[in-house]
Amino acid sequence: MTKPRAIYWFRTDLRLHDSPALKAALDLKPECLYPIWTWDPHYVYRAKVGVNRWQFLLDCQTDLSSSITKINPKSKLHVIREAPQTLFPKLFKAWRISHLIFEKDTDAYARDRDESVVELARNAGVQVIIKTGRTLYDPDELVEHTGRKPTMSISQVQAAGKKIGEIPRPIPAPKSLPDPGDMSIDFEQEHPPTDPDLNAHDRTESDKSYKSLAGPNSDFAPPTLEELGFPPATSPHRGGETVALEMLSSITSDKTYTATFEKPKTAPTAFEPAATTVLSPHLHFGSLSVREFFWRVQDVVDKYKGKASEPPTSLTGQLLFRDMYFGAQAHLGHAFAQTIGNSHCRFIPWHLPSVVSPTSMRAGHDYQIDDPQAEEWFQRWKFGRTGFPWIDALMRQLRQEGWIHHLGRHAVACFLTRGGCYIDWERGAEVFEEWLVDHETACNVGNWQWLSCTAFYSQFYRCYSPIAFPKKTDKEGQFVKRYCPELENFPDKYIYEPWRAPIADQKAWGCLIKGDTCGEDGEYKVYPKPMFDFPTRREVCKQAMKKAYSVGLHGNDQQVLDGTWRKLFDDDAEGPTDGKDGPVGAMIDDVAEEDYDDHGEMVDTSHGEESEGKQAGQGGNRASPKKAAHKRKAQGTLDGVVKRTKKN
DNA sequence: GTTTACGTTGCCAGT
DNA sequence: TACTGGCAACGTAAA
């Protein structure tokens, strides 16, 4: 019998330690093992991946590749620039592959992708081995133990986890790896459509990542940011298994910190160093195993003499929340990441709702500008010029560094949604998707639902103040001064509400508080006035939330899907409620069916930046003169493209 | 069926 | 500094 020839397909498991899937590959004792990473047009063009997250990914790939080479000088991580759905059949043949091994990924997109890859492998007679390793528990197994309900609370996770049994101890990194076989790739490279490119705005040069299968030097090396057309990263947070394990060791060497960690007591205003571990991006890319993290912490806790903290506030508790969100996502699938069609997400008539395809009922990155005021607030929030220093400092830190403290995320998310702007949480989630180095859909979407009180959490009357909240941990506003340096001379009294400072003082401190943007005026710097009166907006939002809660709709309710939810809200309520008829939130019913591909994703047919929507209020007394669907470049999925190619 | 306690991380005034 | 109760009041799970 011939020995197995195996491909190990790395994805969000960029590590050698504690990889159940890699162990399964090695247990085959294959004649050759090809460690590969497949480039994915979905990741390159259709997902919002900012430069800093790209850098983190490339760090992880580079480190993993050199770690592989240290174990076997003949091997490394082979990065191949083609979509897995078209590449694998060619690779199976060229390398005479018998086995394909990878770690399970329950993200909605990943499930679709992996399903088609498994099908391709079956057609090629290739055996597929899939092992769970991304979370503490297999999300599907977790859901099996909740009576097939999505995990919506930590107690459900703990109860289900108990039934599953003890979390497995980590598996050591392998000491040897088989050689890869012949690396010939004498087949044509399939080029994906590069339009639309959701990351085009970040590129300063043209994208060259699909010039050749094995890269510009034909050596299968990870690309550089230059190759992708991106400018250098601005984040100080760097990836790689080596860095991740060093960080973990440094954290667990402080026994008291590790054993007594309580998340709510950590300071969101702390920087250099941050008050929390900043290991989240490593968990996302798999450069750190979550079970390695769990057991290294648990072992410290078990030996700790004093009173250790416990879930959910403890360090291990944080990992349980991650599993909770993965469990919810595993059960709800694509619907998890949006309101429409989501049985567990409360329907709130937010401003700037997502455009939903009437065929697939999927929400994409397009959204409806139901209210120009809300759009202006959204842009000011996104780019850190709301006039509230705490909010602006956080948003600037996020954009520059790709990471902010968990409670900082709470502050900006509450502010954008139920505690200020009354803007759809999906808008905020998209910004986080683009800028966070630790972005993973399950946690990001779950936390946005939490903070917007649409799922997981419902105490909407508990609202973060952009003035009072940061004062608790940073009376002097050191954090604000770090990210909003124009306010560096403002005293404690005015640092969180600089608009209250007398003009003479503003001049003395070198910064005028006026207008709606940042900049300079003669010898003075300029920081904007607050974009609204916070106490007033907090009250407006609270009343609107109260109303939406009493209406009590969820994303999959018929009134939500057919647009008759409008009849249940007053025209002068917050949100796009005017008029009694019309489709769901931002579903634009004047888009022809042929504008959507066979997956229901919207295909770009726009002829300009904005187009007139059809839902302009008739007789609505709220100030919303123009309804325009904000159409970005569309988002066909790779799946659609690939399947169509196959059909032809 | 009803009541009660609780829920990772609010704010404010008062002790 | 660290705690308390009032604020207005949500959903869920246990009792």
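Start by selecting helix H10 (280-285), helix H12 (315-332), helix H15 (406-416) and helix H17 (441-451): each gives at least two residues to the lining of the largest pocket. Helices here (H or I, at least four residues) and strands (E, at least two) are DSSP runs, numbered from the N terminus. Before you go on, know that this is a predicted model, in which local features need pLDDT of at least 70 and side-chain atom pairs count only at pLDDT 80 or more, while totals for chains, interfaces and linings use all residues. Residues are numbered from 1 along each chain as its sequence is written, chains are lettered from A and ligands numbered from 1 in the order in which they are written, and side-chain values use heavy atoms, with hydrogens and water left out.

**The pocket**

Now show Lys263, Gln318, His406, His410 and Asn447, which lie nearest the centre of the largest pocket, out of 49 lining residues. A pocket, on a 1 Å grid over the protein atoms alone, is an open set of points where a 1.4 Å probe fits, with protein on both sides within 12 Å along at least five of seven lines; lining residues have an atom within 4 Å of a point. The volume is about 1300 Å³, meaning the space filled by probe spheres set on the points, with grid points joined across faces, edges and corners. Colour the lining by class and you get 26 nonpolar, 14 polar and nine charged residues. Nonpolar covers Ala, Val, Leu, Ile, Met, Phe, Trp, Tyr, Cys and Pro, charged covers Asp, Glu, Lys and Arg, and the others, Gly among them, are polar.

**Helix against helix**

Axes are lines fitted to C-alpha atoms, for helices over the stretch in contact, and angles run from 0 to 180 degrees between N-to-C directions. Ile154, Val157 and Gln158 of H7 touch Leu320, Phe321, Asp323 and Met324 of H12, where contact means heavy atoms within 4.5 Å. That makes five nonpolar, one polar and one charged residue in the contact of H7 with H12.

Next, pick H8 and H11, whose axes are 10 Å apart at an angle of about 15°, so this pair is roughly parallel. From H8 come Leu245, Leu248, Ser249 and Thr252, and from H11 Glu292, Phe293, Arg296, Val297 and Val300.

For another pair, select helix H13 (residues 372-382) and helix H16 (residues 425-435), at an angle of about 30° with axes 11 Å apart. Phe378, Trp381 and Lys382 of H13 meet a group in H16 that includes Arg427, Val431 and Trp435.

Most residues other than glycine have a negative phi, and most peptide bonds are trans. Go to aspartate 195 and proline 196, which are joined by a cis peptide bond with omega about 5°. Proline 196 sits in the loop between helix H7 (154-164) and helix H8 (241-252). Another cis bond runs from proline 311 to proline 312, with omega near 10°; look for proline 312 in the loop between helix H11 (290-303) and H12. Then click methionine 361, where phi is near 60°, in the loop between strand E6 (354-356) and strand E7 (363-369).

**Last stop**

Finish at lysine 481, in helix H19 (residues 478-483). What does lysine 481 touch, not counting residues up to four places away in sequence? The list is Glu476, Leu487, Glu488, Phe490 and Ile495. Between lysine 481 and isoleucine 495, the C-alpha to C-alpha distance is 8.4 Å, with 14 residues separating them in sequence.

Technical notes: Parallel < 35°, antiparallel > 145°, perpendicular 65-115°, else oblique.
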